[in-house]
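Please read them with the model open.

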There are 2 protein chains.
Amino acid sequence: MPTPSRRRHDRPDEPDTTTQRRRATIHDVADHAGVSIGTVSRALNDRRGVHPDTRRRVLASAAALAYDPDKAARELSNRRAVDIALSVAHGYRRLTPFFGLFLQHLAERLATEGLQVREVASGSDGLPVRDADAFVLLDAHPDDPRIEHLTRLGRAFVLVGHAQDVRCVAADDEAGGRIAAEHLLRLGHVDTVHLTADLHAQAFADRAHGFASAFDAAGAGQVTTIVADDASTLGGYRAMRAHLERGARPGAVFAATDELAIGCLTAAADLGLRVPSDLSVVGFDDLPEIGARLTTVRQDIDLLARETVTLLHEALAGAAVRAVRLPVTLVSRGTTAERRTR
Amino acid sequence: MPTPSRRRHDRPDEPDTTTQRRRATIHDVADHAGVSIGTVSRALNDRRGVHPDTRRRVLASAAALAYDPDKAARELSNRRAVDIALSVAHGYRRLTPFFGLFLQHLAERLATEGLQVREVASGSDGLPVRDADAFVLLDAHPDDPRIEHLTRLGRAFVLVGHAQDVRCVAADDEAGGRIAAEHLLRLGHVDTVHLTADLHAQAFADRAHGFASAFDAAGAGQVTTIVADDASTLGGYRAMRAHLERGARPGAVFAATDELAIGCLTAAADLGLRVPSDLSVVGFDDLPEIGARLTTVRQDIDLLARETVTLLHEALAGAAVRAVRLPVTLVSRGTTAERRTR
DNA sequence: GCATGCTGCGTAAGCGCTTTCATAAAGGTA
DNA sequence: TACCTTTATGAAAGCGCTTACGCAGCATGC
């Protein structure tokens, strides 16, 4: 039987005038389940050497107490001496919603196991301005100088975005393009626009390819690709507006990004087009709050972060290089409709 | 003399085949300075009871070893049982660069002392959907329902943004508007536009008021206020473009936000206007990467976060309510020039 | 029958830090 | 000189967690 130990917070006679909730700790769970904290930890972390019955009991106690392991303690305890850097390419727009979300999820996932990311920018030579034990490379293109540099340095790294012969993880951008195309084809669209930005970025190139080739394969209609200056709402607006002002009247547009899609929506509205009756639009990413009413290709950012962490471990362990592609799904909301046969 | 203790990482005979740097800990600093870890901690945290000479020595050692206190350890050790929530108003654009930056700084400052923020949204009734011990209210307007609600609940809260009779902290928005005006007046401008969004938001109202009243006071020229749908680059673009297309040719514009300013810049460029020779523009915020080349009114986001933390402590301690206004400065870059007298 | 291995679990050390407590030295007063 | 403060410092406990270690208890082997 474990000995209940006296600890700092155990002050039964404390006045407790305030309405202050105290979070349950591992000790509370241990007491509740009648085991030691070691066993609780093992049970919760799926370590071997715990009797199935005990494990069940612990999990029940944890649930009953709404136990939520303390991040800082776990991090401190788990600490591996690994310095992880998130490297962004020179000139990359760090303040992008996608970037913020990804960084948030990545940091959270890593914190769980005692790891920590720091952001590091790239210098004018394209190389990270600071060294680290492992790198997460964002927004890389196939001939990114960072890849060779880190390889030569013998640093572990994983690339977020699709690439060849490199450890990388990305949403299945090509499939995303394809399912967007299929959705639009199913609605009978034949005259479509692909609104994108910087086809030099692998993700955008893949989306474009997936979309165009699905249309080609169907042998139905044409797709015009228009390239915005910038993958922002403003970039999408200007590109789309210019296109529409040139007299083009596509039935649907597939935007490479939710932000581009929003720009497109706004341009359409400004020019008196109704969405979705005059124009269908589908985005990509499914960013919360940005694309709330948008039909879009959803990618799971948290899954992306989780897979990044897995690959990071493999890299650190010296495992074989592999590329992982994450599934995407189409979420159909209010901005697409059947082609209007006028 | 402190006894050098044997610790987990002390393995002098470890092969160290990898090029792995280990971060300096408080023990390293203590050894280097020839004192105990307690003294190091006291010296570094400005606690009393440390001899000035000792303090100097410790600081020197810390600097020499590039000591960077571990977040998790500090958080774990400092832990106060306070649950802090960052509340955003319903419908607020959370993914805004300013929001991201503020949250980042706030979290960092709080982590330093073992506190943690969690974000909480507001429901359709405008009230936070989750309770907490203390709240940071973002984007509040004077008659925000959250204020009364939290007061009634007896919760500590601080409002980020100017308000009356409430504990709040904000940049000196009115002064910001004024110095923007003074800058433009100094350059001889008389026909100006104030590009803003949602004057219901106190910050925007104050900036507008500061700007307009400085112009009035100088008795020079006129200011036309135009309100964008949205404080985004796209919002700024559309509002400005519409204004220019109506034939207006102001000499200068003061945008309530860097993002609005960027939109304004783009609109000007699209309509063939040169900045700054045809049009001067000054922004507000000085967001990194967004406003790199922009003449703008700079507010110190980290200071804002620090003051928020101070007020949070005051609120928790039940101190008297006070409002703090933070100074802003004009940083002059390439988007403003003397009025062209054609 | 006893050495051997396995399994399940409690114990305790340790992650890097802050802070309380004890102690020693220095200063003040009578 | 004896006594009380005050100040500077080291020792150690504790934050919540993971995990190495060791000890039972039980099954297996010959």
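1. In strand β11 (residues 323-326) of chain B, Arg325(B) is the bridge partner of Ala170(B). Helices (H or I, at least four residues) and strands (E, at least two) are DSSP runs, numbered from the N terminus. The model is predicted: local features need pLDDT of at least 70, side-chain atom pairs count only at pLDDT 80 or more, and totals for chains, interfaces and linings use all residues. Residues are numbered from 1 along each chain as its sequence is written, chains are lettered from A and ligands numbered from 1 in the order in which they are written, and side-chain values use heavy atoms, without hydrogens and water.

2. β5(B) and β11(B) run parallel and are joined by 4 bridges. Strand β4 (residues 156-160) of chain B is also parallel to β5(B), with 2 bridges between them. There, Leu159(B) stands opposite Cys168(B). Two strands pair if DSSP finds at least two bridges between them.

3. In a regular strand the side chains alternate between the two faces of the sheet. Strand β5 (residues 168-171) of chain B has Cys168(B) and Ala170(B) on one side, Val169(B) and Ala171(B) on the other, all buried (under 20% relative accessible area, with exposed over 50% and partly exposed in between; 1.4 Å probe, protein chains only).

4. In helix α9 (residues 233-245) of chain B, 10 of the 13 residues are buried, among them Tyr237(B), Met240(B) and Leu244(B). The elements covering these buried residues include α9 (233-245) and α10 (258-270) of chain A, and β7 (222-228) of chain B.

5. After α9(B) comes Gly247(B), with a positive phi near 100 degrees.

How values were computed
Expected span 1.5 Å × (residues − 1). Contact = heavy atoms within 4.5 Å.
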